[in-house]
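Please keep the sequence and the structure in view while reading.

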Amino acid sequence: MFDIVQKNKTLVQIVLGLVALGLVIGAGVSGYSAMSGADHALVKVDGKSITEYDVQQATNGQPISNEMRPMVIEQLVQQRLVLAAADKLGLNPSKPQLQQAISQIDAFHENGKFSPTRYQEMLAAQQMSPAMFEQRVRDSIAARTLLGAYSVTNIVPQTTLARMAKLVGERREVQATVLAPSAFVGQVSVSADEIKKYYDSHASEFKAPEMVRVEYVMLSRQQIAAKLAVSDEEIQKYFDAHRAELLGEQRDVAHILFEVPKGAKPDVKAKVRAEAEKVLAELKANPGRFAELAKQYSKDPGSAANGGELGVFGADASLVAPFKEAMFKLPKGQLSDLVESEFGFHIIRVNDIQAKSTFEQVKPQVVAKLQGDKAESQYRTQAQAFGELVYQKGDSLKPAADEFKLPIQQSGWITRQGAQDPQLNNPKLAEAVFSDDVLKGKHNSEAIEVAPDTLVSARILEHKAAQQTPLDTVRGDIEQRLKLEKAAKLAAEAGAKQLAGLQAGQDAQLTWQPSRQVGRLGERELNSATLAAVFSAPVDKLPAYVGQEVPGAGYVIFKVVSAIPAPPLSDEMAQRMRDEVARTYGQVEVSKYISDLKAAFKVEYRKAPADAGNPVE
């Protein structure tokens, strides 16, 4: 099972990133809609709730659009279904297995070994506790174990691959001309009655949402850290311990390897050591003989012939731990003592040291890191007191501002969908400021975590109810929209007429764009219908002409200049196509499996009230 972790070098990025499992979202995201109400569960899967907090965690606290929101929640539903199935099948790893998996993640290694300090530092940088990270890794392993069967390579017949290669590899050389609606706007007019009719039938589009402005105080770990002092001694100590990483050091290294066979007896190992010590003594007496002695004694086939020269390495180099540790401790031009590794004994020389940064350049980074570490405990203590104070003194933010020496700030407009101020654009804060206690009761909101280690409490300054935008305010926009719609119809009619003439062999005075080649796949500028038209054009008599109405762009006529057959199918391309077909089959099977899980485990979507102003789908 843990081959999954060992082979997946990006596991740590996955579990620290947006959504842990990255499942395929099918067509069924219509069960969820944004809503308000007393129940904080957006969806319940097998009796377990998915809340706004889970959405924030999935998106790393970043705001998302109303269009993306149902997709994120549906992905969370899929995750919960997979984890419920894995739990039912007993696929969760044991604690020793989990520890083994985490210890093998390269991102947590220093000098080739798992570093508890680095582990803690990396998690702290992501505002994540070890328990939270371990649960994500546990879930990731369980889910990937359950879904691993769907990644098995399918057998695809060679004849099928050949047909696919012919279709995918075939290209068309085309030229295009566009009849844009803007060229026909001068030929259309819009009446006052048409504008009024459109306004009445699209009233919801011209409704200003309910909104508020608030005053607020913000407490953050960053604010606390900025006020903390860090001594020169602390800075130097941290710098010395992380010098290579901070400075981006590159070291030009040479070595002489005295190989010790695996499983060698002590007397054999001692004999190799004695030879290495003899050579080391000669080098200390005459360092200029390094290249000569490397060619004579080194058993490293990759460097011996080059006088022991290995090349340039940085702090992220994949070298055996003892060698790497010794290499980064050596001053320029100095020889190491004997360094023992799994390959034998090394004599190392650092030819040159180059750094991308200087101490002065990285000093602010070190200070910020040390301040952040010091601020962590203070923030936790102050955060609890801050939350209690804004609740106990709920009629004013001034007590909290005075106690924690925070400015009282004012916001722009906030709706139920988001805020103008980026630092306040948080769904939990929007939910809080529109609650009865804050909106009608005029109390402070609770302390809301709007970002990792950042709390905000707000109270209402101004409230505007939802209201219809007057027709006169939007009359010009509606008129322009209707004109473009009419102009698009004229462009389509003119384009279809031009196309018919071209197909009948008539000459047309059109301006063609430069020719370009298009394929069946990967053409973002052309929709599927347009591509289908281009590739369905007869190529026995060229040029051929096809046309397509493109929403928003007008009418496009394509002149097919030539047909370019697919290149021969190479072994490499055949394998890539097999893999892609297998991946596609796997995604289809996963999607079907998750649909089956929805029938096996109860999924309850919370429905929006009729006046919530959000679409059900």
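This is a predicted model: local features need pLDDT of at least 70, side-chain atom pairs count only at pLDDT 80 or more; totals for chains, interfaces and linings use all residues.

Residues are numbered from 1 along each chain as its sequence is written, and side-chain values use heavy atoms, with hydrogens and water left out. Helices (H or I, at least four residues) and strands (E, at least two) are DSSP runs, numbered from the N terminus.

- Strand E20 covers residues 554-564, and eight of its 11 residues are buried (under 20% relative accessible area, with a 1.4 Å probe and protein chains only).
- Two strands pair if DSSP finds at least two bridges between them.
- Strand E5 (residues 171-179) pairs with E20 in the antiparallel sense over nine bridges, and Arg 171 stands opposite Ile 564 of E20.
- Strand E19 (residues 544-550) also pairs with E20 in the antiparallel sense, over seven bridges; here Tyr 545 is opposite Lys 559 of E20.
- Three residues lie between E19 and E20, which form a hairpin, and Gly 552 in the turn has a positive phi of about 90 degrees.
- As background, strands of a sheet pair through backbone hydrogen bonds, either parallel or antiparallel.

**The open sheet**

- Four strands form an open sheet in the order E9-E8-E11-E10, with antiparallel pairing.
- Strand E9 (309-314) and strand E10 (339-341) stand at the edges with a single partner strand each, so one side of each is left without a neighbour in the sheet.
- Strand E8 (residues 250-259) runs antiparallel to E9 and is joined to E9 by five bridges; Arg 251 stands opposite Phe 313 in E9.

**Helices H5 and H7**

- The axes of helix H5 (residues 95-103) and helix H7 (residues 130-147) come within 10 Å and cross at roughly 100 degrees.
- Axes are lines fitted to C-alpha atoms, for helices over the stretch in contact, and angles run from 0 to 180 degrees between N-to-C directions.
- In the contact (heavy atoms within 4.5 Å), H5 contributes Leu 98, Ala 101 and Ile 102, and H7 contributes Phe 133, Glu 134, Val 137, Arg 138 and Ile 141.

Notes: Buried means under 20% relative accessible area, exposed over 50%, partly exposed in between (1.4 Å probe, protein chains only).
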